[in-house]
Amino acid sequence: MIMVGVDGSQAALEAVGWAVREARLRGTRLRVVHIMPAWAFEMPEDAPHADVGRWMRRGAAEMLDAGTARARAEDPSVEVESRLLPGDPRLGLIQAAKEADLLVVGSHGRGGFMGMLVGSVALGVCGHTTCPVAVVRSAPAEQDGPVVVGIDGSSAGAGALAFAFAEAAARGVELRAVHAWSGPLVEGVPGLLTPAEEREGGEQRVLAEALAGWGEHYPDVKVVAQAVNGHPVEVLKGASTGAGLLVVGSRGRGELTGLLLGSVSHSLLHHAPCPLVVAPPRRPSR
């Protein structure tokens, strides 16, 4: 099941449009969710100022209606349901997403400040959910662009790679696996430089090792692998220009232990030129 959060903003409706196409691609249902303050959700009819609670519930219902109407107009064949839930928007979506295979949110909600590139809800849920999170700024008219995935060689990045391969296979598009690296210093030997060719060869091996075995599971997916010397954010921004989707892990190998959202994924939330999926670490198979 795919879940999409709505808040009455245009960005949320764009997210709904993207989510319903994703649901059709996967052959699954779509759940449209709005989170409203618990006090208004639970206010008794005989409470003081009960009319305020009724007004807020009515507004919330209208947001859900607009979201489901957009979804059904986009594709009537997709099963759509809606849920009105109490709580904080970020915590409520994190909790509700435990039932979902993918959570979709708009990049900038109705309550954000003018000029911000990404809203507090998008920032607040990425890295905290058990499922991948898609952040949609503006959905491409067509989804036939390549899927781009950032490779960093970390075990946490395997979740992004798994999602990207499955997505490329479902869309029938090329997968671009991009590993960005910078600096020729050898780890553990400060000040000692190696030839550029030696460092590049090592980074190519990181990329090859990360991709090893995936072709057996997805033989029909064409993979273009690139190891590029440059800052990961800038390299991935360039590689995903014109792409249908960019996929990154929630935390890379260079991040501090305990961080739930790494610096690269955080920066790309603000600057990715296409819809972005932040994937949590892959769950170990039982």
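Q: What should I know about the model and the numbering before we start?
A: The model is predicted, so local features need pLDDT of at least 70 and side-chain atom pairs count only at pLDDT 80 or more, while totals for chains, interfaces and linings use all residues. Residues are numbered from 1 along each chain as its sequence is written, and side-chain values use heavy atoms, with hydrogens and water left out.

Q: How many residues of β2 are buried?
A: 7 of its 7. Buried means under 20% relative accessible area with a 1.4 Å probe, protein chains only. Strands are DSSP runs of E with at least two residues, and helices are runs of H or I with at least four, numbered from the N terminus.

Q: Which residues sit on each side?
A: Leu30, Val32, His34 and Met36 are on one side, with Arg31, Val33 and Ile35 on the other. In a regular strand, side chains alternate between the two faces of the sheet.

Q: In what sense does β2 pair with β1 and over how many bridges?
A: Parallel, over 4 bridges; two strands pair if DSSP finds at least two bridges between them. Gly5 has Val33 in β2 as its bridge partner.

Q: And with β3?
A: Parallel as well, over 7 bridges. There, Leu30 is bridged to Val80.

Q: Which helix goes with β1 and β2 in the β-α-β unit?
A: Helix α1, residues 10–26, and the unit is right-handed. That is, with the strands pointing away from the viewer, the path from the first strand over the helix to the second runs clockwise.

Q: Switching to α4, which residues are buried?
A: In α4, residues 89–96, they are Gly92, Leu93, Ile94 and Ala96. Their cover includes β1, β2, β3, β4 (102–106) and α5 (120–125).

Q: What caps its N-terminal end?
A: Asp88, with a side-chain oxygen 2.9 Å from the backbone nitrogen of Arg90.

Q: Is His179 buried or exposed?
A: Buried, at a relative accessible area of 1%. His179 is in strand β7, residues 175–181.

Q: What does its side chain contact?
A: The side chain of Glu203, through a polar contact of 2.6 Å. Such a contact is a pair of N or O atoms within 3.5 Å; within protein, one must be able to donate a hydrogen and the other to accept it, and residues adjacent in sequence count only if both atoms are side-chain atoms.

Terms used
Buried < 20%, exposed > 50% of the residue type's maximum accessible area, 1.4 Å probe, protein only. Contact = heavy atoms within 4.5 Å.
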